[in-house]
Amino acid sequence: MTAAGPVLEIHVFGGSSKGECIIIKFPQGNYGVVDSCLGDSDSEYSPPVKFLKDTGVSTLSFVCLTHPHNDHFAGMLQFFEEFKVREFWHSSALSQDRLRSIVQQEIVDAKQMGDKKREEQTKELVEIYKSVAKLRKRPRQGKQSKRQRAKTNKSKAQPTSLTLRAGILGTKLYPFPRDDNGSASVTAIAPSEEEKGRYEQSLAKCFSEEKLIDCKPLDHNKISLALLVKTGKTVVVLGGDTEAKSWESALRDYPKELAANLVKVSHHGSKEGHCKGLWESFCASDTTTYAVCTGYKSSGLPKKETLDHISNCGASIYLTHRNCLPKLAASVDDTQRSRTAVNKFFTNLSPKTPSIATEFKLSKLDDSFGKCSFTFDSSGKLISVEAQDPAVEVT
């Protein structure tokens, strides 16, 4: 297949319950990262970091944190330690004061629940923002000796400061400054102002005169970034953990711009991760729409109803980890599509065997990561797709 113009690569990493990470390679050859995930405890690098290092990448145009849930930021420090990061993107709801309150609330709640892992991962969120703050400080402009200048030039530290960008519905994040004639762009299409306001109100209720009075868990999904990536006629939507209310606003503000070639399914395929008419809009493209979902097995995600809805809208679905495959067998007679999916992954088993997906458990498989890679040309045509085991094609 011959590519029409520059290509866009999207690599989606996902474990069974270890988060997700998306790597974007733009037509110009530069890379950006959205969210992060944990690797195997025996590995020096997480799978996305290893992929980038093996590819020879040394600089990232941006690292984006969609929202402060630990399955989206755990392991993110490695990107700042191993690469030169030019920009850090986050939700506009995460001001310095709000972030401090969120961290305080999260740590106290984790202690009360006896969740030491969550407590430690929340401390990593603090370290991520400390790294961002450190990298934002510009180097001193005073006079330097030749020896000092030589030392500075050889240093691994960034020669210029990192830029912090906050996104909300309608924010043009890439490129910056705005270039309408550029070959690629990234725009925030969530969260909405309304959802940001509701989140801020919930956070404010946790405190009285800066003292924590309530540890009720916050719904960080309300402020999750969702990104609209465009290059030529190719459109990619990266849904983060955005939920229905913000998607309603995105549909309102971008009624004709969401027809996509590829969609990273929001919130691991939960019922709350889409609104009425959303997937119909995503699948309005002239070409096949591909959907890639990162599951979260411990929460029972993705939901079969969500995958059925996406499939019925016409999308071809990929899942980054087959251990997250929902109980298709329980309703195998509903559609030929479900029967085909079950037979494809569980050959030599009767299609009416109950709970096939839940019986397929391997501890080593649970610790592994899958990767779904998509390459598009500038016309929106799919050049290649690869599902690296344990990732699978569902429909």
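1. Let's start with a helix on a sheet. Helix α5, residues 116–136, lies across strands β7 and β8, and its direction makes an angle of about 135 degrees with β7. Please keep in mind as you read on that this is a predicted model.

2. How confident is the prediction? The protein chain has a mean pLDDT of 85, with 81% of its residues at 70 or more. Residues 151–159, however, have a pLDDT below 50, and this stretch makes 10 contacts in the model beyond near neighbours in sequence. Another stretch to treat with care is residues 328–363, where pLDDT stays under 50; the model has 48 contacts for it beyond four places in sequence. Where pLDDT is low, the predicted coordinates should not be read in detail.

3. β7 and β8 belong to an open sheet of 8 strands with mixed pairing, in the order β8-β7-β5-β3-β2-β1-β18-β19. The edges are taken by β8 (163–167) and β19 (382–388); each has a single partner strand, so one side of each has no neighbour in the sheet. On average, and ignoring direction, neighbouring strands here are turned by 15 degrees against each other.

4. If you want a landmark in the viewer, find C64, which stands opposite W89 in β7.

5. There is also an open sheet of 8 strands, again with mixed pairing, ordered β9-β10-β13-β14-β15-β16-β17-β20. Which strands stand at its edges? They are β9 (172–174) and β20 (392–393), each pairing on one side only. Within this sheet, β15 (residues 262–264) and β16 (residues 290–293) pair in the parallel sense over 3 bridges, and L262 sits opposite Y290 in β16.

6. Helix α8 (residues 244–253) lies over β10 (185–190), β13 (226–231) and β14 (234–238), at about 125 degrees to β10.

7. The axes of α4 (residues 96–113) and α7 (residues 193–204) come within 11 Å and cross at roughly 55 degrees, so the two helices are oblique to each other. Their crossing is left-handed. On the α4 side R98, S101 and I102 take part, meeting K196, Y199, E200 and L203 of α7. Sorted by class, this contact holds 3 nonpolar, 1 polar and 3 charged residues.

Key: Residues numbered from 1 in each chain as written. Predicted model: local features only at pLDDT ≥ 70, side-chain atom pairs only at ≥ 80, totals over all residues. Heavy atoms only, no water. pLDDT = per-residue confidence, 0-100. Contact = heavy atoms within 4.5 Å. Axes fitted to C-alpha atoms, helices over the stretch in contact; angles between N-to-C directions. Helix = DSSP H or I, 4+ residues; strand = E, 2+ residues; numbered from the N terminus. Parallel < 35°, antiparallel > 145°, perpendicular 65-115°, else oblique. Left-handed = near helix turned anticlockwise from the far one by under 90°. Nonpolar A, V, L, I, M, F, W, Y, C, P; charged D, E, K, R; others polar. Pairing = 2+ DSSP bridges.
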